[in-house]
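The sequence and the structure are shown first, and the description follows.

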Amino acid sequence: MAHIGLLLSGAALLLNGLALLGTLPRRDAAVFSLVIGGTQLVLGVAYLGITGDGGLHLLLGASGMFLFGLTYVYVGLDFLLGLGSKGLGWFCGMVGLCGLLLAAAWSGEDPLLAVLWLCWTYLWLMFFLQLALGFARLTPLIGWSLILTSQASATVPAFMGLTGRWPVEPEIAAGAAVSLLALLLLAGGLAWRGRHQTAARPAVAAVESPLPGELKV
């Protein structure tokens with residue numbers, strides 16, 4: 001069930017990234033987040049009930065499902081109800097700190113999952129900076145980060161887990177870390193490029209548009 005929840009997260013991260021970049025209506029992404037978050041919460045409860053007393057690993061896995069589920073539900077409600085996003089930002093900051101703890105907890109037995117939690121922690125902390133502290137200029141960076149890492153950090157690992165091919169070798173985890181870092185750097189480059197192209201457009205328009213009373217040659 002944890003892998004199914006991870007598969008759903010890949011879709012939710014992608015749609016929210018597209019919404020942040022203006023490619024998809026925010027309402028569409030909000031409704032989808034609400035549905036995915038609610039589904040993940042149900043899966044988390046079922047995971048605890050069906051698996052039984054599985055010890056620390058069970059609790060850590062369920063914790064991740066609940067953190068993702070609550071985040072998506074909050075994202076959906078925040079937009080649909082117009083809550084203002086400040087509370088969501090502080091919640092993302094708290095979840096980001098939990099993500100660091102989960103990464104440390106998995107680092108010994110499942111290095112790949114630890115790397116994935118570091119990636120997700122980065123995303124949550126970026127939302128904290130944007131929503132709670134008011135760094136609105138981070139929006140393009142967050143959008144591109146969600147789009148580029150959604151499949152690499154959620155969808156692909158989910159299919160690996162569903163097919164019984166989840167790797168435990170540290171070398172693969174190191175390769176995943178390098179790949180995710182490269183994707184995040186690419187997201188930064190795309191966000192920087194888009195911001196500068198947007199800033200240059202008004203200047204071009206000002207040069208091309210005639211002044212009042214002036215004939216355009």
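## A loop residue and its contacts

The model described here is predicted. Not counting residues up to four places away in sequence, S85 touches D78 and L131. With D78 there is also a polar contact, in which the two side chains come to 2.7 Å. S85 itself is found in the loop between α3 (55-81) and α4 (86-106).

## Overall architecture

The protein chain has seven helices and zero strands. Read from the N terminus, its elements therefore run α-α-α-α-α-α-α.

Of the 217 residues in the chain, 41% count as buried. The accessible surface comes to about 11400 Å², and 72% of this surface belongs to carbon and sulfur atoms. Among contacts between residues at least 6 apart in sequence, 71% join residues at least 24 apart.

## The first helix

Helix α1 has 19 residues, which at 1.5 Å a residue should span 27 Å; the C-alpha atoms at its ends are 27 Å apart, in agreement with that expectation. Several residues of α1 are buried, including G5, L6, S9, G10 and A12. Just after this helix, G22 takes a positive phi of about 85 degrees.

## Nonpolar cores

The largest nonpolar core has 41 residues, and W117 and W120 are those with the most contacts inside it. The elements that give two or more residues to this core are α1 (2-20), α3, α4, α5 (111-132), α6 (139-162) and α7. Of these, α5 gives the most, with 13 residues. Leaving aside neighbours within four places in sequence, W120 is in contact with L6, F68, L113 and S153.

A second, separate core consists of five residues, among them L43, L58, A62 and M65.

## Aromatic pairs

Eight aromatic pairs are found in a search of the whole structure. One of them joins F68 and W124, which form a tilted pair with 4.9 Å from centre to centre and 45 degrees between the planes. Because F68 lies in helix α3 and W124 in helix α5, this pair ties together parts that are 56 residues apart in sequence. F68 counts as buried at 8% relative accessibility, and W124 counts as buried at 5%.

The rings of Y74 and F91 have their centres 5.7 Å apart and their planes at 50 degrees, so this pair is tilted. Y74 lies in helix α3 and F91 in helix α4, so the pair ties together parts 17 residues apart in sequence. Y74 is partly exposed, with a relative accessible area of 25%, whereas F91 is buried at 17%. Ring pairs also link F68, Y72, W117, W120 and W124 into a cluster.

L129 lies in helix α5 and is partly exposed, because its relative accessible area of 30% falls between the cut-offs of 20% and 50%. Leaving aside neighbours within four places in sequence, L129 is in contact with G134, F135 and L138. The C-alpha atoms of L129 and G93 are separated by 8.1 Å, although the two residues are 36 residues apart along the chain.

L186 has its place in helix α7 (residues 170-208). With a relative accessible area of 43%, L186 is likewise partly exposed. The C-alpha atom of L186 is separated by 8.4 Å from that of L148, a residue 38 residues apart from L186 along the chain.

Methods: Residues numbered from 1 in each chain as written. Predicted model: local features only at pLDDT ≥ 70, side-chain atom pairs only at ≥ 80, totals over all residues. Heavy atoms only, no water. Helix = DSSP H or I, 4+ residues; strand = E, 2+ residues; numbered from the N terminus. Buried < 20%, exposed > 50% of the residue type's maximum accessible area, 1.4 Å probe, protein only. Contact = heavy atoms within 4.5 Å. Areas by Shrake-Rupley, 256 points an atom, 1.4 Å probe, with all protein chains shown as cover. Polar contact = N/O pair within 3.5 Å; in protein donor to acceptor, adjacent residues only side chain to side chain. Core = buried A, V, L, I, M, F, W, Y, C linked by side-chain atoms within 4.5 Å. Expected span 1.5 Å × (residues − 1). Phe/Tyr/Trp six-rings, centres within 6.5 Å; stacked < 30°, edge-to-face > 60°.
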